[in-house]
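The following note sets out points for a colleague reading this model.

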Amino acid sequence: DVSFCGRLVLNKQLPTLIEAVADMPEVRLLVIGEGPERKRCGELAKKLGMQERITFLGWLSSAEAVIGAMETARIFVMNSSSEGGPRTALEAMGCGMPVIVTSVGIMPHVIQDGVNGLFTDGSKGDLRRKIMRLLEDEALRNRLGQEARKVLDRFDRVTLIKQYADFLKSLARPA
């Protein structure tokens with residue numbers, strides 16, 4: 001039902017997403033990616049009794065495989081505490097998936113909350129509320145997904161790369 005894609009590192013906040021989904025027995029979580037937090041996340045899922053509802057796919061061999069796996073879910077979640085892009089959220093949007101994201105990286109320039117995606121503060125409670133809202137409201141899910149797909153019209157690859165470069169440059173400037 002919910003997909004996550006990214007390097008399994010602290011700033012991606014995967015444990016918080018696992019905890020949010022653990023409280024929803026009807027929801028499954030698909031995790032695409034690998035990294036130093038993989039073992040800890042697997043142990044957390046086991047401790048919370050949700051090892052049957054979480055699938056760790058690791059890294060996939062191609063962009064097509066990643067997108068195909070992401071699309072097996074109904075919702076894409078990116079609840080990072082910090083990001084540059086994030087590319088995976090944009091790819092999910094380009095596929096017409098409804099997304100729940102934190103307001104990091106270029107997301108504030110891409111997402112209109114409630115129009116083409118939903119913002120989350122990244123907390124377990126807020127993630128749970130937003131996930132349940134989308135799972136329970138098919139019309140909203142479909143509308144957000146249709147609007148999300150329009151990201152391809154607004155942000156071609158060159159524009160995205162330039163915005164990402166500008167964002168990185170802004171981090172290097174003294175305050």
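**Notes on the predicted model**

1. In helix α1, the residues Leu14, Pro15, Thr16, Leu17, Ile18, Ala20, Val21 and Ala22 are buried (buried means under 20% relative accessible area, exposed over 50%, and partly exposed in between, with a 1.4 Å probe and protein chains only). The helix spans residues 14-22, and eight of its nine residues are buried. Helices (H or I, at least four residues) and strands (E, at least two) are DSSP runs numbered from the N terminus.

2. This is a predicted model, in which local features need pLDDT of at least 70 and side-chain atom pairs count only at pLDDT 80 or more, while totals for chains, interfaces and linings use all residues. Residues are numbered from 1 along each chain as its sequence is written, and side-chain values use heavy atoms, with hydrogens and water left out.

3. The cover over the buried residues of α1 includes β1 (2-5), β2 (29-32), α2 (38-47), β3 (54-58), β4 (75-78) and α6 (124-136). Contact here means heavy atoms within 4.5 Å. Ile18 touches Leu29, Cys41, Leu44, Ala45, Leu48, Met50, Ile54 and Phe56, not counting residues up to four places away in sequence.

4. The largest nonpolar core has 29 residues, of which Leu14, Leu17, Ile18, Leu29 and Ile131 touch the most other members. Two or more residues are given to this core by each of β1, α1, β2, α2, β4, α6 and α7 (138-149), and the largest share, six residues, comes from α1. Apart from this core lies another, of 25 residues, among them Met97, Ile106, Val110 and Ala148. A nonpolar core is a set of buried Ala, Val, Leu, Ile, Met, Phe, Trp, Tyr and Cys residues joined through side-chain atoms within 4.5 Å.

5. Ile131 belongs to helix α6 and is buried, with a relative accessible area of 0%. Leaving out residues up to four places away in sequence, Ile131 touches Val2, Leu17, Val21, Met24, Ile75, Val77 and Ile100.

6. Thr88 lies in helix α4 (residues 87-94) and is buried, at 12% relative accessible area. A polar atom of the Thr88 side chain lies 3.3 Å from the backbone oxygen of Cys5. Beyond its neighbours within four places in sequence, Thr88 is in contact with Cys5, Met70 and Phe76.

7. Two loop residues deserve a look. Gln13, in the loop between β1 and α1, has a positive phi of about 60° although it is not a glycine; Gln13 is partly exposed, with a relative accessible area of 25%. Pro36, in the loop between β2 and α2, is exposed at 59%. Pro36 touches Arg7, Leu8 and Val9, not counting residues up to four places away in sequence; its C-alpha lies 6.2 Å from that of Leu8, 28 residues apart in sequence.

8. Arg38 lies over the face of Phe56, at 3.9 Å from the ring centre (a charge sits over a ring if NZ of Lys or CZ of Arg is within 6 Å of the ring centre and within 35 degrees of the ring normal).

9. On confidence, the chain has a mean pLDDT of 89, and 89% of its residues reach 70 or more (pLDDT is the predictor's confidence in each residue, from 0 to 100). Where pLDDT is low, the predicted coordinates should not be read in detail.

Methods:
Polar contact = N/O pair within 3.5 Å; in protein donor to acceptor, adjacent residues only side chain to side chain.
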